[in-house]
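Look at the structure first, then read on.

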Amino acid sequence: MEELDGEPAVTVIPGVNSKKNQMCFDWGPGEMLVCETSFSKKEKSEMVPSCPFIYIIRKDVDVYSQILRKLFNESHGIFLGLQRIDEELTGKSRKSQLVRVSKNYRSVIRACMEEMHQVAIAAKDPASGRQFSSQVSILSAMELIWNLCEILFIEVAPAGHLLLHLLDWVRLHVCEVDSLSADVLGSENPSNHDSFWNLGLGGMTSHGWSLPYTFATNPHLESLLKIMLGDEAALLEQKELLSNWYHFLVTRLLYSNPTVKPIDLHYYAQSSLDLFLGGESSPEPLDNILLAAFEFDIHQVIKECSIALSNWWFVAHLTDLLDHCKLLQSHNLYFGSNMREFLLLEYASGLFAHPSLWQLGVDYFDYCPKLGRVSLELHIERIPLNTEQKALKVLRICEQRQMTEQVRSICKILAMKAVRNNRLGSALSWSIRAKDAAFATLVSDRFLRDYCERGCFSDLDLIDNLGPAMMLSDRLTFLGKYREFHRMYGEKRFADAASLLLSLMTSGIAPRSFWMTLLTDALPLLEQKQVIFSAEQTYELMQCLEDLTSRRPVRGESDIQQLQDEDIETTKVEMLRLALARNLARAIIREGSLEGS
Amino acid sequence: MEEIYAKFVSQKISKTRWRPLPPGSLQTAETFATGSWDNEENYVSLWSIGDFGNLDSDGGFEGDHQLLCDIRHHGDVMDLQFFDQERIVTASSTGCVTVFLHHPNNQTLSVNQQWTTAHYHAGPGSPSYSSAPCTGVVCNNPEIVTVGEDGRINLFRADHKEAVRTIVWEVHFHPSNPDHLFTCSEDGSLWHWDASTDVPEKLSLFHQGGRSSTFLSHSISNQANVHQSVISSWLSTDPAKDRIEITSLLPSRSLSVNSLDILGPCLVCGTDAEAIYVTRHLFS
């Protein structure tokens, strides 16, 4: 457990001169930003070059430890299974399911402990070996607490069974006894072995009456019989064989009150703690937590664990499980959500601070009914998206939960990135997926501009297969239809192409700036041997041309380039007028002589 | 379908591939490679399910998969393929294509060859150079084809430094069809679609999932007696007539299964819940 009143460790940040300049900092979800300010500590402000970097400082080793990651991932699966347990189940079957879930959590903690223990032993440098060992003891304490909570709150064992469970609990955590047994039972004459008698005392709690012993006069025998009759003082004399006060507690209960009731436990617990410590030392955080558990004060247990442990994993999962056992009254915090939800939110937010484990956090937010959704909305937009594959995963998460705002926002970001990288087809698909009309217009404009510059379209397969998505924005519809015009022309469906071209202008979906291009596209149709545009259509085209030219800006002072451009423009207009006039003539003649076909 | 072994490996697995067996070999699959993604440090790892000294009653191997060796990989492993027995090609989110070489004598992996600017939006010559993720890689000794978010297809030769050819295109692949199909999906499910005609009772179910990758069993597709009715069962529009038995292979469903590979009776898959699942008895 963390020392609450120890000196905090000093971390030196390279490059930052805290003696000269004041530093500023700000907290993030899992880390801190630090940089130098330009405010000097001395009175006179000297022009000292300050460090130009902003540092990100992380303390939380837990989230980054490789082995603890397995804990997070495996427990995530157990958490999900618990949420999906049929709410209809009641009574015994529900209780046994909940106990099974609790045991699953505990076995995951134990697996983690084992692995970390192996790493601790194999560690090459002693400092990291010590660090791993301290992690092992933290995990061991966590499992100890969880196990006790399981017995008292989930299993809810009645008097009689309660002690049996407590015996198992102590046995699991007192390995010393097991290694002693092996020594003693292996020797020639067990009763002559020194450890035999010591074992008799400590081992009584785990082996019960199964150890054979002789009735020879023996000072040890007297102590043994006293203990068996419930003499606490005699038991206390053998203190060094009992590893801690709860071992003492359970041993004591075994001989003095084996049918202890759950509600009476805390009397024995408190006095055992006091007797065992004997006024020499004060209780540690772990002791207080266990005491609170014996007092059935769940809130106190959770509160103390939250303070003592350095991340939210333990309290979040334990509280959630206890909530499923219907043990927590709605303990309202000032922003209105209950304790279970608060802890899950904290835990999940911590996961989102990790580059990889954010995916687990999503499921935790899902099961926070009040603030989960809004928290998820805030967090999911901030996940960095460096590949399309990751973006698609995030999008799928949002779409599954009908988070349309976030979908739109993410697609916009990706569309913008694509435009910057000149991947227009990609940008267009993203804007369509985002249903973002404004962006679709922007991208369509780019396409059209590209076409004007290069004379051909990119990403034809996308534009050709837009389907109903074409309706998203006028500009996009125009792009699709314009491309259709080119296709029709390519397939020599001239009459259809001509009508389409004309309708693009008359319907108003073609931007003014593009009309010149469209009219120029009409030229080859006007110059064909057969008459394609009818007289009526030709009148309309002429109208469009006049509309366009009448809005010309007044010629003022212009430079050479502008003059040249205007010359080209004038020539084009002249050519168009000529072609239109000729076509009109031919059309009138044809319609007049062929019944207007 | 017998036991499936799970192991949590502290990295999200993006791709898993069995090491190909030498042609004509009678061994079963023993080694597979994995690539991770979304970590600050990603790894390409080699795992073994080979002999640990324990044989079960059928003479098969017991125990779960063990790590042989690994090597750091810059960027997410977007795709991974075995080039040959000793070499692995990976596609990275940094736009880099790498060939790793496995040294069996001292069980290490090393970088054999690398094309760091295989995929990019703005080229290495331009001031605003930006790389593009390489999304797929396929090999056929000695050629490697890669495709990326920049829309390029590159053709590399294993011994050449530069890309042999670059094409700008967009590609979609569709697998062909024998009688056993395995799919893994974004919603965390792993399905075995069994269209073999010798199974008496079959249910027809159509699984609806997110993006999925489909994969086909190598050994079965090489059987000489793949006959007409097998092919038609996949394409059949009448669900009542040709039945497909669909089995879920994973015990519980959590996060996305990103990748799966099959060699003979062995299947391996990797998930975003940082777990690798292996089974050696697919068809028992």
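In which hand does helix 11 of chain A cross helix 12 of chain A? The crossing is left-handed. A crossing is called left-handed if the near helix is turned anticlockwise from the far one by less than a right angle, and right-handed if clockwise.

This is a predicted model, where local features need pLDDT of at least 70, side-chain atom pairs count only at pLDDT 80 or more, and totals for chains, interfaces and linings use all residues. Residues are numbered from 1 along each chain as its sequence is written, chains are lettered from A and ligands numbered from 1 in the order in which they are written, and side-chain values use heavy atoms, with hydrogens and water left out.

**Helix pairs in chain A**

- Two packed helices are described by the angle between their axes and the distance between the axes.
- Axes are lines fitted to C-alpha atoms, for helices over the stretch in contact, and angles run from 0 to 180 degrees between N-to-C directions.
- Helix 11 (residues 285–294) and helix 12 (residues 298–308) of chain A pack at about 165°, and their axes are 8 Å apart.
- Helix 11 of chain A and helix 12 of chain A are therefore roughly antiparallel. Angles under 35 degrees count as roughly parallel, over 145 as roughly antiparallel, 65 to 115 as roughly perpendicular and the rest as oblique.
- Helix 11 of chain A brings Pro285(A), Asn288(A), Ile289(A), Ala292(A) and Ala293(A) to the contact. Helix 12 of chain A answers with Gln300(A), Val301(A), Glu304(A), Cys305(A) and Ala308(A). Contact means heavy atoms within 4.5 Å.
- The residues where helix 11 of chain A meets helix 12 of chain A are seven nonpolar, two polar and one charged. Ala, Val, Leu, Ile, Met, Phe, Trp, Tyr, Cys and Pro count as nonpolar, Asp, Glu, Lys and Arg as charged, and the others, Gly among them, as polar.
- Helix 2 (residues 91–122) and helix 13 (residues 313–324) of chain A cross at roughly 170°, with axes that come within 10 Å.
- That angle makes helix 2 of chain A roughly antiparallel to helix 13 of chain A.
- Among the residues in this contact are Arg94(A) and Tyr105(A) of helix 2 of chain A, and Trp313(A) and His317(A) of helix 13 of chain A.
- The contact of helix 2 with helix 13 of chain A has six nonpolar, three polar and one charged residues.

**Chain B as a whole**

- Chain B has two helices and 22 strands. Helices (H or I, at least four residues) and strands (E, at least two) are DSSP runs, numbered from the N terminus.
- Of the 284 residues in chain B, 49% are buried. Buried means under 20% relative accessible area, exposed over 50%, partly exposed in between (1.4 Å probe, protein chains only).

**Sheet 2-3-4-5 of chain B**

- Four strands form this open sheet, with antiparallel pairing. Two strands pair if DSSP finds at least two bridges between them.
- Strand 2 (12–18) and strand 5 of chain B are the edges, so one side of each has no neighbour in the sheet.
- Neighbouring strands of this sheet are turned by 20° on average, direction ignored.
- Five bridges link strand 3 (residues 31–37) of chain B to strand 4 of chain B. Thr34(B) has Ser45(B) as its bridge partner.
- Four residues lie between these two strands in a hairpin, and Asp38(B) in the turn has a positive phi of about 70°.
- Seven bridges join strand 4 of chain B to strand 5 (residues 66–73) of chain B. Leu46(B) stands opposite Cys69(B), and Ser48(B) has Gln66(B) as its bridge partner.
- Six of the seven residues in strand 4 (residues 42–48) of chain B are buried.

**Sheet 1-22-21-20 of chain B**

- Four strands form this open sheet too, and the pairing is antiparallel.
- Strand 1 (5–8) and strand 20 (257–263) of chain B are its edge strands.
- The twist averages 15° from one strand to the next.
- Four bridges join strand 21 (residues 266–271) and strand 22 (residues 275–279) of chain B. Val268(B) has Val278(B) as its bridge partner.

**Positive phi angles**

- Most residues other than glycine have a negative phi.
- Lys492(A) has a positive phi of about 65°. Lys492(A) lies in the loop between helix 22 (474–490) and helix 23 (494–506) of chain A. Lys492(A) is exposed, with a relative accessible area of 62%.
- Gln107(B) has a positive phi near 50°. Gln107(B) lies in the loop between strand 8 (97–103) and strand 9 (108–115) of chain B. Gln107(B) is partly exposed, with a relative accessible area of 30%.
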